[in-house]
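Here's a quick walk through the fold, starting with the sheet and then moving on to the helices. Have a look at the model first.

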Amino acid sequence: DGKLSFDEFQAYFADGVLSGEELSELFHTIDTHNTDNLDTEELCDYFSKHLGEYENVLSVLEDLNITILKAMDKTKKDYQEASNLEQFVTRFLLKETLNQLQSLQSSLECAMETTEEQTRQERKDPTNPEVLSIQWPGKRSARRLQRNSSLSTNSPHSSTGWIEEDSQWVTQINRLQKLIDRLEKKDLKFEPFEEEVLEENARSHIMIVQHQMSVIEEKIEEFRLALKQYVESASTQGGCLHVAIQKLPSNFRFIVYEFWENGSAWNSHLEMNYSKTFQRSSVDFLETPELLTTMLVPGKY
């Protein structure tokens, strides 16, 4: 109706740090018209006084949104009539833009989580935080609920949508938490820095590659066939140590893990015809560009 009641305000602005009483105090501070409802003018007046450096950030984001929408509109009009090479360049630019935005998002998420954790540690009087009751855009809402509630599958939160959707992630997080608990109970001792000298022909680093792919529902069977052929071919390569596939429970998402003896083996694999064929075909199967992550791990471990 164009106005926020306190319940609506609480549902959106609760961040897992402020208590219900503090949120109520903030609500009435913003409600300068004393109507027990917040209108757009009151919200703008309050937050505009506290923007600081973020006034420039939000201004740039507005320009960025407009620029991206213009680019998407032009892509929609021109892509189908473009040559194969021009279409390839467009797909590359889309993927690179997405990677840049995701990198920026990761930095912002780290900053948000750090500030929230710091606030919790600084608060001397323990209060019961008001837990977010609706999801904000993005993935942080699920992580906030994970942090503020038990990760046990018997938790009262296990009936909520994000637990049902990501139950296997909850299992992985529980395993990680147990490992952390065990490590924290031990008196760890680290040796002074020593330069590691590798023996001749010793395995220096293993390359770990993670592919995250979200598949178009209508293309799922074609994608499975192409992925099977890709994995079978990759597994036969001399430098390939292991390939594993995980199918996530929603939205036809797949994660493929590849373990290679070294970076050279991985680079050689990329030049093989089967690898190039899968890369080309996956463009037609995926809803969004593939997210690729690589990491080198010391081979002796």
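Two strands count as paired if DSSP finds at least two bridges between them. Helices (H or I, at least four residues) and strands (E, at least two) are DSSP runs, numbered from the N terminus. This is a predicted model, where local features need pLDDT of at least 70, side-chain atom pairs count only at pLDDT 80 or more, and totals for chains, interfaces and linings use all residues. Numbering starts from 1 along each chain as its sequence is written, and side-chain values use heavy atoms, with hydrogens and water left out.

Overall, the protein has eleven helices and six strands. Of its 301 residues, 23% are buried, meaning under 20% relative accessible area, with exposed over 50% and partly exposed in between (1.4 Å probe, protein chains only).

**The sheet**

Four strands make an open sheet in the order S4-S5-S3-S6, with antiparallel pairing. S4 and S6 (291-298) are the edge strands, each pairing on one side only. From one strand to the next, the twist averages 15°; axes here are lines fitted to C-alpha atoms, for helices over the stretch in contact, and angles run from 0 to 180 degrees between N-to-C directions. The pairings look like this:

| Pair | Sense | Bridges | One bridge |
|---|---|---|---|
| S4 (240-247) and S5 | antiparallel | seven | Cys-240 with Trp-260 |
| S3 and S6 | antiparallel | eight | His-205 with Pro-298 |

Helix H10 (residues 263-270) lies across S3, S5 and S6, running at about 125° to S5.

**The helices**

How do H2 and H3 cross, and at what angle? The axes of H2 (residues 20-30) and H3 (residues 40-48) come within 9 Å and cross at roughly 105°. That makes H2 roughly perpendicular to H3, a label covering 65 to 115 degrees (under 35 is roughly parallel, over 145 roughly antiparallel, the rest oblique). Leu-26, Thr-29 and Ile-30 of H2 make the contact with Glu-42, Leu-43 and Tyr-46 of H3, contact meaning heavy atoms within 4.5 Å.

UniProt, in an unreviewed entry, places "domain: EF-hand" at residues 18-53; such annotations may be inferred rather than shown by experiment. That span is 56% helix and 6% strand, and its end C-alpha atoms lie 23 Å apart.

Then there's H5 (residues 84-122): 39 residues, reaching 57 Å from first C-alpha to last, close to the 57 Å expected at 1.5 Å a residue. The expected span is 1.5 Å times one less than the number of residues. The buried residues of H5 are Gln-87, Glu-109 and Glu-116.
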